[in-house]
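Please look at the model before reading on.

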Amino acid sequence: MTHTVLIGLGVLIAILTVVAALGLLPSLRIVPDNTHFDFTRFRRISFPISAALSIVAITLFFTHGLNLGIDFKGGTLLEVKARSGTADIAAMRTKLDALGLGEVQLQQFGGPENVLIRVAEQPGGDAAQQAALQKLRGALGDSVDIQRTEVLGPRVAGELLAYGMLGLMLAIVAILIYLWFRFEWQFALGAMIANVHDIVLTIGFMSISQVDFDLTSIAALLTILGYSLNDTVVIYDRIREMLRRYKKMPMPQLLNESINSTLSRSIITHVTVTLALLALLLFGGHAIHSFTAVMMFGVVLVGTYTSIFIAAPILIYLGVGEHREDAPETATPAKKNKA
Amino acid sequence: MLYFTRWRALGIILTALIVCLCAVPNFFPEATVKTWPAWAQRRLVLGLDLQGGSYLLLEVDSNYVKKERLDQIRDDVRRTLRDAKIGFTGGVTVRNDAAEVRITKETDVQPALAKLRELSQPLGGLMGSSGQRDLEVSDAGGGVIRLGIPQAAMLDRMRKTIEQSIQIVERRVNELGTVEPVIQRQGNDRILVQVPGLQDPTRLKELLGKTAKMEFRMVDTSVPPDQAQQGRLPPESELLMSASPPPTPYVVKKQVLVAGGDLTDAQASFDQRTGEPVVSFKFNTSGARKFAQATQENVGLPFAIVLDNKVISAPVIREPITGGQGQISGNFTVQSANDLAILLRAGALPAPLTVVEERTVGPGLGQDSIEKGELAAYVGSILVIIFMLLTYRLFGVFANIAVAINVAMIFGLLSLLNATLTLPGIAGIVLTVGIAVDSNVLIYERIREELRGGRNAISAIDAGFKRALATILDSNITTFIAAAVLFYIGTGPVRGFAVTLGIGIITTVFTAFTLTRLIVAWWVRWKRPQSVPI
């Protein structure tokens, strides 16, 4: 069934390609030419909204917390599949609760025959985790196939968490330094504020949705970071170019022009990335579901919004483009690159 | 921007072609590829999450290594002082990471220091040039001499322990008959073991969890075990429990007759009379000599076969065993006899190993992940391709050609690097498709803008490329930094994601700067367009 659909779509692509090559296809403009939205004035709404959302996200983080996955918390995780029919979670729960391993979480995962079993870290170091795994395997018996096992001792889990956080910081600092070299420091600072904003909101999302926060979440966060910056850099590049070209244009207007002239690109790229992520979310299977869900939120909902409504307008407050008429040589970010 | 010399165009096409061709071995079965020349054999490796298998992270117990060394120092100190006839009081104590001894006579302290300093060896053997030594002998005052292990010496010892352990682990894993296991050192005290295709690592963990220190020692018959349990244990003996249930105590002499290191071979077999599983073994020459002598002297007495401080069996010596071979029986099943034979053949681990991380994926789940990942990749690509066609028409066709080559090059580079493809890695490729077209979008939008600004077709295309390429470079470097950090901190599947994301960025920038430009340049030369259908 899926194959027929794929082949059908392939044929559609072939036809479209031929039609497009012959120039018979009408042009699709998602964003009309020459838009003149006043994005910078919107900052009086967008900044308070972002600040409020950030506060909500931080509050959520401290009240709800993150649902630390096994990577960072330690413990045991089993993914099992019933040999026949659907998995009887209730019966499984009674059996596993009797083992005395503390709280055992059972959760349907993917189809009705799949169950995810989580057991918190056992006191007594690494050997105790292994003993718990043996008990679980014994109690589950032959009625299920064990598809996946993960066991993490307390120290490795602690190290992974420290490493993940360190990596996140490292990435932010490295990117900051790069931007500082390529642009002026105000741009680097603006990008970083936007960056932190993205991460805070995404962490708020992870807190509210209680998806597992594990190594793949760090990967998702770093990707969101990279992608959101990608967007920001495109707009900043244009702002720099405009600053060089129009020395007398007032800053809000200059920022608006920059955002509007890159708007079409922002939206189109946005659509293509969304399409790719959508495919992953719908067809990529449950193993990467939370990974793609987090990226979807960060990239699609937050990243582009941040670039347009935070990263660019914030440059006004950081003093970019002031005193251009007085001393254009020093105030214009004239670096070697001529974007 | 739109002019390419013939050689430059040829170079670009050749580069792209060669990189794409690197992906070819992946489309042939492994057996076929094996028959090709070595340079053509590089291919993608599927991660454990896709092909199924076990990942174990083992930790060497550094406290055990330190304690072993301190015990050894204690014995050396005793022997040295006794040989030199220097009196000491209260024995040699081991505390605070050092051994201490109190010399009885004040006048003996200097000679004792001189003697004990001889125990200290330069680090790194004769070639060691660091000037550091493996033992720090100092006068702690009050007649107490302190022997400590310097930090460097401890690190050196750990390094050697890990190296030895890796060899033993390798031998034990290979005995399981697995395909292409990976065994690597990680950090200061850890060993990583990856066994593709292994669905249940229980047996592997059992094999790796045993130190397998084998000793032949005499049973002390002077005290019955129950009395020894109440504390009347002779100083030269210790109380050990049986390996098989029910736990039975044995009083065993501390002196070792022959150790496992003298074994040359061990095989699981069946006892000819009783038919039960046994392990038969062979000693090397010196082991055979020692064993022959010991059995000659102790006919009629029981001796104990001790594995990791547990008594496997304690048979009575009926006659001297001079042939250098024998068999161990001890309530074995076929499996446990087999495992013991493996352990004895592979040798003893220098220190116990603990499993600190374990991840296993069954082959069914792996296959499922591959199928889902493939489907998502197809659907994602098709959606993006259709969208690009609808948005940019002819230039969408150009973009799609560039993206197709881009993906082929990603696979080529991954194969060339023998990189590991994981499920998040596949996600990385799908995401790259979404992001890769961004470079085309940037260029095309810029061209549209330049056209609106009143430039003619060719000048607009030229300016569009010129202005957009710098932006493309700037914007991709940020994502590349994130991918590089992720590669550095991540392990397993996450690292796979970092690899595809990073390589995707490299190929994206390459195609934007070369192929897309080349395609458009050709089209311009062929059509000499008055307007741009964009």
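Two strands pair if DSSP finds at least two bridges between them. Helices (H or I, at least four residues) and strands (E, at least two) are DSSP runs, numbered from the N terminus. In β8(B), Ile191(B) is the bridge partner of Arg185(B). The strands β7(B) and β8 (residues 190-196) of chain B pair over five bridges in the antiparallel sense.

The model is predicted: local features need pLDDT of at least 70 and side-chain atom pairs count only at pLDDT 80 or more, while totals for chains, interfaces and linings use all residues. Residues are numbered from 1 along each chain as its sequence is written, and chains are lettered from A and ligands numbered from 1 in the order in which they are written.

The pair belongs to an open, antiparallel sheet of eight strands, in the order β3(A)-β4(A)-β2(A)-β5(A)-β17(B)-β2(B)-β8(B)-β7(B). At its edges stand β3 (104-109) of chain A and β7 (182-186) of chain B; each has a single partner strand, so one side of each is left without a neighbour in the sheet. On average, neighbouring strands here are turned by 20° against each other, direction ignored.

Axes are lines fitted to C-alpha atoms, for helices over the stretch in contact (C-beta atoms, placed from the backbone, within 7 Å). Angles run from 0 to 180 degrees between N-to-C directions.
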